[in-house]
Amino acid sequence: MVHPMRRADKQLSAKAALELLKAGEFGIISSVDAVGQPYGVPVNYVLYQGCIDFHSATEGHKIDNFKANDRVSFCVVGKTKVLPERLSTRYESVIVFGRVSEKKGSHKSDSLRELVKKLAPDHIEAGEKAIKNSFKATRVFSISIDSITGKAEE
């Protein structure tokens with residue numbers, strides 16, 4: 001269940017939250033294991049076809065968690081600035097709740113290409129070579145967006 005934002009005066013519009021998500025370079029994906037132990041890890045990602053796609057090694061803690069529970073949250077923090085004189089911080093952030101699934105075949109390679117376009121746009125040729133060389137040693141996951149909430153302090 002997604003709770004309503006306590007400080008609705010700081011809530012971003014759905015469009016602004018989506019723009020912040022699209023612009024971010026990395027986010028923290030949070031998951032839980034079979035006994036409820038939480039785990040959060042930063043990942044590079046791309047917003048592609050309405051989902052959050054990211055690459056991964058073929059095994060590890062987050063993948064074990066995905067097998068136990070496909071529900072995740074994903075958090076991106078945009079621009080921040082500490083305002084010591086106000087004992088406050090200027091910030092912008094977005095949180096997504098959704099379910100994670102694996103992409104395979106051409107969907108996997110398409111997502112990897114989108115990651116290269118976003119994160120290394122001047123290195124498309126090298127990206128294609130890396131995709132080909134590491135395709136079997138790389139997994140790609142996608143988070144469907146069930147809900148998205150953005151917040152900002154001006």
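Phe-54, Phe-66 and Phe-141 form one aromatic cluster in this predicted model. Rings of Phe, Tyr and Trp (its six-membered ring) count as a pair if their centres lie within 6.5 Å; planes under 30 degrees apart are termed stacked, those over 60 edge-to-face, and the rest tilted. Four aromatic pairs are found in a search of the whole structure. In one of them, the rings of Phe-54 and Phe-66 lie 6.3 Å apart, centre to centre, with 70 degrees between the planes, an edge-to-face arrangement. This pair links distant parts of the chain, as Phe-54 belongs to strand β4 and Phe-66, twelve residues apart from it, to helix α2. Helices (H or I, at least four residues) and strands (E, at least two) are DSSP runs, numbered from the N terminus.

The ring centres of Phe-66 and Phe-141 are 5.2 Å apart and the planes stand at 65 degrees, so this pair is also edge-to-face. Because Phe-66 lies in helix α2 and Phe-141 in strand β7, the pair ties together parts that are 75 residues apart in sequence. Phe-66 has a relative accessible area of 8% and is therefore buried, and Phe-141, at 5%, likewise counts as buried. Buried denotes under 20% relative accessible area, exposed over 50%, and partly exposed the range in between (1.4 Å probe, protein chains only).

Phe-54 is buried as well. Contact is defined as heavy atoms within 4.5 Å. Not counting residues up to four places away in sequence, Phe-54 touches residues including Ile-29, Val-43, Phe-66, Leu-115, Phe-141 and Ile-143.

A nonpolar core is a set of buried Ala, Val, Leu, Ile, Met, Phe, Trp, Tyr and Cys residues joined through side-chain atoms within 4.5 Å. The largest such core holds 19 residues, of which Leu-21, Ile-29, Phe-54, Phe-74 and Ile-143 touch the most other members. Elements that each supply at least two residues of this core include α1 (14-23), β4 (51-56), α2 (61-68) and β7 (139-153). Another core, of seven residues, lies apart from it; Tyr-48, Leu-112, Leu-115 and Val-140 are among its members.

Val-32 is located in strand β1 (residues 26-32) and is partly exposed, at 26% relative accessibility. The C-alpha atoms of Val-32 and Val-72 are separated by 7.8 Å, although the two residues are 40 residues apart along the chain.

Residues are numbered from 1 along each chain as its sequence is written, and side-chain values use heavy atoms, with hydrogens and water left out. Local features need pLDDT of at least 70 and side-chain atom pairs count only at pLDDT 80 or more, whereas totals for chains, interfaces and linings use all residues.
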